[in-house]
Structure formats: structure tokens, C-alpha cells
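This report looks at a few places inside one protein model. Please keep the sequence and the structure in view while reading.

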Amino acid sequence: MKKLESYINGKWASGSGDGLIMHDAITGEIIGLSTTAGLDIPEVLQYGRTKGGEVLRKMTFQERGNMLKKLALYLTKRKEEFYELSYRTGATRVDSWIDIEGGFGNLFANASLRKLFPNQPYHVEGDPIDLSRGGRFMAHHILVPKRGVAVHINAFNFPIWGMLEKCAVNWMAGVPAVVLPAPQTAYLTEAVVRVIVDSGILPEGALQLLSGMTKNILDTVESQDVVTFTGSAHTGKVLKAHPRLIEESVPFTMEADSLNASVLGKDAIPGTPEFDLFIKEVRKEMTVKSGQKCTAIRRIIVPANLVEDVQIALAQQLDKVTIGDPRLKEVRMGALASKQQVDSFKNNVSEIAKTAQMVYGDLDKIETVGADAQKGAFVSPILLREDNPFKNTEAHRIEAFGPVSTIMPYDTLDDAITLAQMGKGSLVSSIFTYDDKIAREFVVGAASHHGRILVGNRENAKQSTGHGSPLPMLTHGGPGRAGGGEEMGGMRGIKHYMQRCAVQGTPTTLTEITGIYQANAAYKVSEKHPFAYHWEDIEPGMSLQTHKRTVTDTDIINFANLTWDHFYAHTDITSLDGSIFEKRTAHGYFILAAAAGLFVYPNKGPVAANYGLEECRFLRPIYHNDTVYVRLTCKQKIDRDHRGKELPSGIVKWFVEVFDQEDELAAIATILTMVQKKSPFIQVDRSNIKGYLSKLKEDAKPKWGMMTPQHMVEHLEYTIRIGSGEIQDFEIATPLDKLERVQEMIYNHKPMPKDHSHPLLKKGTLEDLKYEDLSAAKAKLLEAYDEFETYFKENPEATTKNAVFGAMNKFEWDLLNTKHMNHHFEQFGILE
């Protein structure tokens, strides 16, 4: 019988013994065994801390984010191979979509968070704190990756999402993971991990998998580790009390089963959109994933006068739910993960039914389509009704993990809030109402007991992600029974895996530590104007002091007329009595504009655009005839993804200080500029081309491909003649709907792929040579380049077509020629 393997210590390994038998949830067929017996768990944890942790901790947030994005794209392209295996867990196509593509979506979402972090391995949090008068002793908080591993223990039936929603967060923080998936469906987790490992995208040790039950995984955790658990509240409490966690003060977060509630507002009577939305949402949360969701609606809280309406409407909706083989299109609900889960489900429903009435479904009878109900782990949706929910508390205490929910009545909204709170803490609650006052009262009253609250109505119905969908940018967790932890939650989730440290020192020292210029730090006087540097060469603290300018009455009046800002302090000096102004005052925005006029570098250079204004303060008035000057200092650099038809660039934040003639600070602002990055390619012109060609010898061997030196030179000449319009008798090979996206590749700094097949060249064989030798080919290439330059000098607005990139102007041809020549010169080693 096949055993699942664990991926540990850089290799796949099998546990010893028989372990746990895994069954197909639909057919009951044995899939294999899962066991970790005999594996050295302490060694696994230490391997992650060292091998994986050392690499991840050194990566910047941008590098980690791009790694996650690359992994998400890689997995998405292979998603279909996971669906077939997912059916065996009892999941329908829709259920599997939540698990598979929802998991990949978590990678994408967390990858995008890189934009909120600095371009360094650690984060600087909050604002600087002045600890002394004069600002010479200060503090700032930094967050660095913990030097341990994230141990993820999952007991719920989300084999992919359950792993990736956690791992995406710890990887962004720079911490490796050891994953222990739910044993019933661990075969699907193993399949995904195999693809991840084969991709080579993650650094070795960043992800390890233990395929099977492991009772001693917490015995050797350390203070720098983080443990997360998803499963039953009972098991979570046992783990939370582990002596090792207490001894080492190991952070532990739990996402436990919770009795989530959905409330129907009194205004949402039958016939309203909110009533219909409520019924559909409850039915969906009861049946999606066969109710095996930690966010599923377990308690249906409705106005007492609407209980019958809700019961009838829900029964009608549940009648439409076809149960059976999830591969069939007509099936809307599959099976539970295992027969053991079926037994647990029935026992718990029976406990709730001791006081509640079962008004829909049957624990012993079930009709299935395309599957044998006796062989599979099938159950019927069960709807209960508890008419006395304040006295009978089983529905508030017992969670039957499956397609079950209990209707309970309320009289006042305070009663509804109290009933929602009687679950003693949940991951999510929801209310469906079109009355915002009802929504406000419920949310404020109930929020203390829920990690998330959804307010659903007709206006957000089409866009709403629904009651049961945790989102990567929002907190996923809840108080009390739900575990008291938080998962995900945007930046907050990432910070859970980082250590916050307060750093004290001088502004100059903290500038170097944080990578952010701190006020009163020593300036770094640059040799050139700061705007003349590319993004890579700019440093925080790089500074320029400008020349001076005197503000005149005429300046102020002209600015008022230009902007139509005729505020009395600028235009009516007879009204200054009782104001804070003594004389005619310059507009604050004129001061900013004048400051820009003083510090802006007029020549074309790496600064591509003004990107915005982040903060601005006017500290003292500037009157007519006052003289101002500016200190411009690089405050911070933020990396930026390349997009569209623009050259790669980063954002630079500049700290602008405006001083008056007494050297008193009059205004401050932080402006942002888009600054181009240095090209990694050697720029080509006629002189460079001639110089590099002189290094090319007849017997040179390519690093890749089959070209000879002469074939390469003749190929370059051919493409240059296409650019000058001499050769245009071909069709554009790229489909029109993809052309714009392909054209963006001209602008990025990525090298051309090796062994790329050009659409105008022969496939799998070399072109016939045109010239007698390499020397003649070189001469023809230089001749073609001269003609190319002449053509665009005489026709500066012209465009000529390229077989891959479509119509291109001179600027775009220059970008492409630079890339293309670097590619082939590198191919023959003549750039070295």
C-alpha cells in the first residue's frame, strides 16, 4: 500500500510502520497510508531554522513578494492537476476552487503586500520618537524576522488553502515553515508540495512537510518559533497548554471551530432583497464544502415572527441541493472527509437535537447521485430549530462539523446580539439588513465576540465575498472559543512572525539602521544634484541646499490671480487685525511651488515624474519681502514593480525643508519622485558595436544555441534593416489582443530568453549565409546601423513594424536593439 512521503531536510522520506489509512471520501477506496513514525522531528525543525531561515531572512520584502508571485503563477498554470485529486476529498468543483485557487490567491495577495514594506529585509514601524529636546537622542521601532520556524498544524479539510494561507504570511515575513496537514486529506497537500519543491522557486528549507500524525512536534520548539493550529477547540486547548510552549514562551495562535452566527434584520421581511440574500447565504454556508468550514453559519438568528418563513424558504433551497459524486455537474454537495467525521457529525447533531427540533433532513436517510451512499462519507443537510435558545444552550456549545445549522428566534436586536455572543467567540458573524442604523447597533454590540462581521444588503450583493470567505488582507481569527488568535490580516499578519525592537540612538545612527532619513541627522552632501542620480545610487540622507529667493508682493498677488485663492491674508491686508498674521502672507502652496522651483533639476535625467505629495506642514508665515531657501534630502527609497510602457523605476521620498532668512524652519513636506533605474545592459552605438565586433573571432563558440559568429552578425544586420523599414514584407506574429502586453517587454530590464525562436527564422536549422566571411558580415552590420540612424533622423516620427512587437518608434527600436545586441554579444562572450 502506498505511503505518503514527507519532505524534510531537503529530501523526500517515508515514515515507518503502517500509520493512518486514508480513504476516498466518495467511494471508500483506500488511497494510502500516512505516517511520520521514525522521522527525526527535532532535526526537521532545526533544518528549517538554519537552511531555510538563513536565506529567507536575508531577502528583502520585494524579493520575498516577487518569489510568492512567481510561485502563485507557477501553481496556477498547473491547477487542473489538483482538481481530480481534490474530488477524492469529497469536494465539488466549487469546493475545490475555494481550496485550490483560494490558496493560490493567498500567495498573490500576500505578494502584493511587498509594496507596503521597505526594500530591505526588515520593517521600520511607525514614526520616530524624540527622546530629548533638540532631537539628538531618539528612538524608532524595527521589526526583524524571527529566527525560528513557523509550525503549522492543520486539522481541517482545506489541504491546500490551509497550508498556503499561513505559509504565504510567514514567507513574506522571512520565516520558513514546517507543515503538518490534516491526515485524512494529506495526499492533496503532498501533491502540491511536490510541485512547489520541483519548481525550485522557494529556497531550500523554506517549506517542509510532515505527512502524518506527529505527537511530539512541540517537544523541541524554541522561543523564536511560532506555532499555529487550525482545528477543534478541544485539541487546540490541549496544544496551547503544552509545557514546552509555556517554558519557551513560544507564540501560539489558534483558529478553532466556532459557532458562527448570521442575523436577519427585522426590516428584511420576505419579498425584500435582503431576505432572499440571507436565505441563499445560509444555504451556501451549510452546503459548500459539505459544511466543513470553520466559518460556516451554525446559528441562524431571525426575528420571532419570521421563523416559519425562514424555515420554509431554507427547506426549499435545500431541496435543490443534489448530493453525490462531485465530478458530476448536477451535484451540488459532495461528502465529508471521512467516515469518522460522519460518526462525529451524527453524534453532535443528536446532542443538539435533544432540545432542538429537526425540521429538515435525516441522519439515516440520504439520496445520492452517481455514488454509493453506504461506501462514501455522505450525510444529508440538517436544519434544526431551537425555539428557546436562551434556556437550551446546546446549539451555542456544540459544533457539528458538517452541513448543519440551527434556527433560533429573537425579539429585540439586543436579544440577537446576546444570542450571537452566546457562542463565546467566533471567527465571523453576519447581519442582513438594509437599515444602516440596525447594522451599526449590531456591529458595535457584537464586535467584541467576533473576528469579522459582514453586513450584507442589496447594494453590495454582487461584489460581496460572502459570510464564509476569509480574505488575506483582513484579520482571520476570533476571540474566545475561536482561539483568540489572528491569521493573515495584511501587514498585521506578517508582523506576527517578526520581532519588534525599539532602537535608540542619534538621528544619524538611526538613519543608517532604518534606511529612512531622520530629522536632524547629518546630511550627505552629494557631488551632483540628487536628481541627476539613478535610483540605485541615491541614498537616504543625500542632500542639497538651494540658493535663495525673495518673495515679493507681486509674487503673492500673481499667485492669487492664477489660482483664484483670494484668502484675506494674501489679498486684503486691512483685515489682518485679530489674526495670526502681521503682514501680507504668501500662500502655503506658493511656498511649496517656489521650493520646487529652487530644488528641481531642469535637465533631463533619471527623474521621470513627480509622483505626489505625502505630507505637508506650514510652520510659520512667509511674508512679502521674506527670503527663503530649501534643504532637499532623500528620506526613503521604495522599490516599484515595472509595469506598462515605461522604463523600470523606483520611488524616492524627498524631505523638503523651507527656511526663512533667519534660518527658521517655515515649512516641511515629503514629495515623491519616480526615478529610473540603471539599465543592466551596455548601451550600444556605432562605436560600441564596432568595438565589440572587433573581439568576435571566426572560431568563437556560443554559450547557447547553434549559431556561428557569422550567423549571429548577419542575424543582427537583418533585424536592424527591419527596424529601418528596409524589410517589411512579413506579418506580425503576435495576436492583436496580446500585442500591447508583449510590447511592454521592450521596456523592462530582463534579458532576452536563451534559445528564443524568432518567427522570421527557420526552425531547427541555420539560415544560409549571405556574405563571404565574418569580416564582410561585420561591415554590412555597421552599414545597416548607419542607415537605420539616418532613416530615423530624416523621419523622426516614423514607426516600422517588428514581427513580434508590432509597430515601433525609434526610441523603442533603440531599447530593443540594445537588448538584442547584449543578448547575442553575451552569447559569444564578447561583453566580458
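Which element gives the largest share of the lining of the second largest pocket? The model is a predicted one, and the answer here is helix H11, with six residues.

## The second largest pocket

The second largest pocket holds about 1000 Å³ of space. Its lining is made up of 40 residues, and those closest to the centre are Ala155, Pro183, Gln184, Ser232 and Thr235.

Helix H11 covers residues 339-352. Other elements that give two or more residues to this lining include strand E3 (20-23), strand E7 (150-154), strand E10 (226-231) and helix H7 (233-240). By residue type, the lining of the second largest pocket has 20 nonpolar, 14 polar and six charged residues.

## Cavities

Rolling a probe the size of a water molecule over the atoms shows where empty space is left. In this model, four cavities of 30 Å³ or more are counted. The largest cavity contains about 60 Å³ of space.

Which residues line the largest cavity? They are Leu259, Arg298, Ile352, Ala395, Ile398, Glu399, Ala400, Val404, Ser405 and Thr406. Strand E16, which runs over residues 404-410, gives the largest share of this lining, three residues. The lining of the largest cavity divides into six nonpolar residues, two polar and two charged.

## Cysteines without a bond

How many disulfides does a search of the whole structure find? The search finds zero. A disulfide needs two cysteine sulfur atoms within 2.5 Å. For Cys167, the closest cysteine sulfur belongs to Cys294 and is 16 Å away, so the distance is too far for a bond.

Cys167 is buried because its relative accessibility is 0%. Cys294 has a relative accessible area of 7%, so Cys294 is buried as well.

## A buried glutamate

Glu812 sits in helix H24, which spans residues 810-827. Why does Glu812 count as buried? Glu812 counts as buried because its relative accessibility is 7%, and the cut-off for buried is under 20%.

What is Glu812 in contact with, apart from its neighbours within four places in sequence? Its contacts are Lys645, Ile746, Tyr747 and Ala807.

Definitions and conventions
Residues are numbered from 1 along each chain as its sequence is written. This is a predicted model: local features need pLDDT of at least 70, side-chain atom pairs count only at pLDDT 80 or more; totals for chains, interfaces and linings use all residues. Side-chain values use heavy atoms; hydrogens and water are left out. Helices (H or I, at least four residues) and strands (E, at least two) are DSSP runs, numbered from the N terminus. Buried means under 20% relative accessible area, exposed over 50%, partly exposed in between (1.4 Å probe, protein chains only). Contact means heavy atoms within 4.5 Å. On a 1 Å grid over the protein atoms alone, a cavity is a set of points where a 1.4 Å probe fits but cannot get out, and a pocket is an open set with protein on both sides within 12 Å along at least five of seven lines; lining residues have an atom within 4 Å of a point. Grid points are joined across faces, edges and corners, and a volume is the space filled by probe spheres set on the points. Ala, Val, Leu, Ile, Met, Phe, Trp, Tyr, Cys and Pro count as nonpolar, Asp, Glu, Lys and Arg as charged, and the others, Gly among them, as polar.
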